[in-house]
Amino acid sequence: MLPAVAKKNHLPRLDLPKFSGSPSEWPAFAGRFNKRVAGLEEDADRYAFLIQCFERCEIARDSCEAFENAGMTFQDAWKRLEERFYKKRVAFLGHFQQLYALPKLTAASSTALMRLIDAVETSTSSARQIAGKMDQAASAVEDGMIVSFVLSKLDEETAAQITRRLDSQQIPTWKVLRNELDQLANTLYYEPKAKPENIFRTERPATNHPPARTERAMLSATVLAEGRHANIGTVGNRNQSWMAVRRCYACDKTGHGSTLCPELRVR
């Protein structure tokens, strides 16, 4: 008997489905697995692939390994596994329980709407497959229940928007509602996104104040200098006056304007 590593290395690469142990998953899992291994003839190869599919379900993996070690044919082992992990009633009702467990949308988004549509499509199709009625069209009552359920999972704004678009004189169907949700999801996905504000913008926001003067404009400063001047003001017995004197900003001297400063002209 070949070692496990050598046996695994010679297997072709296949995109294998995974089984978590839920009976509701078994029909879809079984169909996908049988399609993947349809070209394999050796039971050992089928066993090897099936064990990989049970990575998420330890009890199923252990059962599969036990059947192989006991020398059971793959076909017989498959029947035993199906008896253990596929219960039609549990699987059928499990799909509706999964729908009821879906959270209510807080706001419409393309991702949330598409997930809701896919969940309803998957659960209803799988339930019909289990019931053996894949070709049977849904009745008006069944469609009405699905429509009512889906509308209850939408946020209030989206539900109101969709309801306004539906014909009030027509009995709603899941197909019509699904098309409306698809259209809304596509609109949300492809509509231009608002450009985010550039937080690294260097320009200052507009204000009603005049722009600050640059350093070259601030060539002079006004200072208060104490000087004696008659008839200006009297404090006690001493005449004092406060007069504004223009002082050059560049050389800090008086007697000339800043624009005439020799130091500034040299620069």
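The following dialogue examines how terms are applied to a predicted model of a protein.

Tutor: Residues are numbered from 1 along each chain as its sequence is written. In this predicted model, local features need pLDDT of at least 70, side-chain atom pairs count only at pLDDT 80 or more, totals for chains, interfaces and linings use all residues, and side-chain values use heavy atoms, with hydrogens and water left out.

Student: What is the secondary structure of the protein, and how are helices and strands defined?

Tutor: The protein has 11 helices and four strands. Both are DSSP runs numbered from the N terminus: a helix is H or I over at least four residues, a strand is E over at least two.

Student: Where is confidence lowest and where is it highest?

Tutor: The scale is pLDDT, the predictor's confidence in each residue, from 0 to 100. The protein averages 77, and 67% of the residues score at least 70. Strand β1 (residues 220-227) has the lowest mean, 42, whereas helix α4 (residues 58-69) has the highest, 95. Over residues 1-6 the pLDDT is below 50, and this stretch has one contact beyond near neighbours in sequence; a contact means heavy atoms within 4.5 Å. Residues 194-202 also stay under 50, with zero contacts beyond four places in sequence. Where pLDDT is low, the predicted coordinates should not be read in detail.

Student: What makes Leu-81 a buried residue?

Tutor: Buried means under 20% relative accessible area, exposed over 50%, and partly exposed in between, with a 1.4 Å probe and protein chains only. Leu-81 has 0% relative accessibility, so Leu-81 counts as buried. This residue is found in helix α5 (residues 74-85). Leaving aside neighbours within four places in sequence, the contacts of Leu-81 include Trp-26, Leu-50, Phe-54, Cys-64 and Phe-67. The C-alpha atoms of Leu-81 and Phe-67 are separated by 9.5 Å, with the two residues 14 apart along the chain.

Student: Why is Gln-97 called exposed?

Tutor: The relative accessible area of Gln-97 is 53%, so Gln-97 is exposed. Gln-97 is found in helix α6, and its C-alpha atom is 9.4 Å from that of Ser-123, 26 residues away along the chain.

Student: How does the reach of helix α7 compare with the expected span?

Tutor: The expected span is 1.5 Å times one less than the number of residues. Helix α7 (residues 110-131) has 22 residues and reaches 32 Å from its first C-alpha to its last, close to the expected 32 Å. Just after α7, Gly-132 takes a positive phi of about 70°.

Student: Which elements cover the buried residues of α7?

Tutor: The cover includes α2 (26-36), α6 (88-100), α8 (140-153) and α10 (174-190). Among the buried residues of α7 are Leu-113, Leu-116, Ile-117, Val-120, Ala-127 and Ile-130. An α-helix has 3.6 residues a turn, so residues three or four places apart point the same way.

Student: What makes Ser-126 and Thr-124 buried?

Tutor: Ser-126 has 13% relative accessibility, so Ser-126 counts as buried; Thr-124, with a relative accessible area of 15%, is therefore buried too. A polar atom of the Ser-126 side chain lies 2.8 Å from the backbone oxygen of Thr-122, and the side chain of Thr-124 reaches the backbone oxygen of Val-120 at 2.7 Å.

Terms used: Polar contact = N/O pair within 3.5 Å; in protein donor to acceptor, adjacent residues only side chain to side chain.
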